[in-house]
Amino acid sequence: MKYSQATDYALHAMLYLVAETPDKPVSVQLLAEKLGVSQTYLSKMLTKLVKAGLIHSVSGANGGYKLKRNQDDISFLDVIQAIEGTTSLFECSFHHDSACLIQQVVADAEQQMMQTLKSKKIADLVAHIPKQPHERLT
């Protein structure tokens with residue numbers, strides 16, 4: 001099981017927004033520079049986070065992206081689902097009834113993982129970030 005690079009970028013971008021500037025807009029240029037990623041690609045991830053209601057875009061000379069929701073409410077699951085969607089990781093390919101034993105095991109495991117990711121908040125990581133000026137978050 002592997003999440004996409006887009007999810008990696010989105011999680012790091014959200015961590016930066018929560019840790020550094022929860023109330024102040026950050027330009028995509030600065031955010032891409034801090035993360036060491038492509039500005040174009042990061043813009044696509046930020047658009048998905050906006051559509052999910054996690055951040056919002058601020059227009060103007062001092063515009064950029066900032067948190068829309070309370071930083072203490074944003075979970076790993078929120079960010080992952082904003083990028084990856086909510087589709088199950090496993091779908092049984094056989095055409096037998098809904099009581100597929102394999103599907104049940106995988107669905108249970110997936111549910112446990114989702115509960116863990118839902119309980120872990122991005123803001124919980126902020127206390128563990130070393131405060132070193134001009135460091136990238138990656």
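Predicted model: local features only at pLDDT ≥ 70, side-chain atom pairs only at ≥ 80, totals over all residues.
The table puts the two pairs side by side.

| Helix pair | Angle | Axis distance |
|---|---|---|
| H1 (residues 5-20) and H2 (residues 28-35) | about 110° | 10 Å |
| H3 (residues 39-51) and H4 | roughly 115° | within 9 Å |

Angles of 65 to 115 degrees count as roughly perpendicular, so that's the label for H1 against H2. H3 is likewise roughly perpendicular to H4, and the crossing of H3 with H4 is right-handed.

So who touches whom? On the H1 side you'll find Tyr-9, His-12, Ala-13 and Tyr-16, and they meet Leu-30, Leu-31, Lys-34 and Leu-35 of H2. Sorted by class, that contact has 6 nonpolar residues, 1 polar and 1 charged.

Over at the other pair, H3 brings Met-45, Lys-48 and Leu-49 up against Val-79, Ala-82 and Ile-83 of H4. Here the count is 5 nonpolar and 1 charged, with no polar residues.

**A pocket to look at**

Now for the second largest pocket, which holds about 210 Å³ of space. Which residues lie nearest its centre? They're Tyr-3, Ile-80, Gly-85, Thr-87 and Leu-89, out of 15 lining residues. Helix H4 (76-84) turns up again here: H4 and helix H5 (101-119) are the elements that give two or more residues to the lining.

Key: Residues numbered from 1 in each chain as written. Heavy atoms only, no water. 1 Å grid on protein atoms, 1.4 Å probe; cavity = no way out; pocket = protein on both sides within 12 Å on 5 of 7 lines; lining within 4 Å. Points joined across faces, edges and corners; volume = space filled by probe spheres on them. Helix = DSSP H or I, 4+ residues; strand = E, 2+ residues; numbered from the N terminus. Axes fitted to C-alpha atoms, helices over the stretch in contact; angles between N-to-C directions. Parallel < 35°, antiparallel > 145°, perpendicular 65-115°, else oblique. Contact = heavy atoms within 4.5 Å. Nonpolar A, V, L, I, M, F, W, Y, C, P; charged D, E, K, R; others polar. Left-handed = near helix turned anticlockwise from the far one by under 90°.
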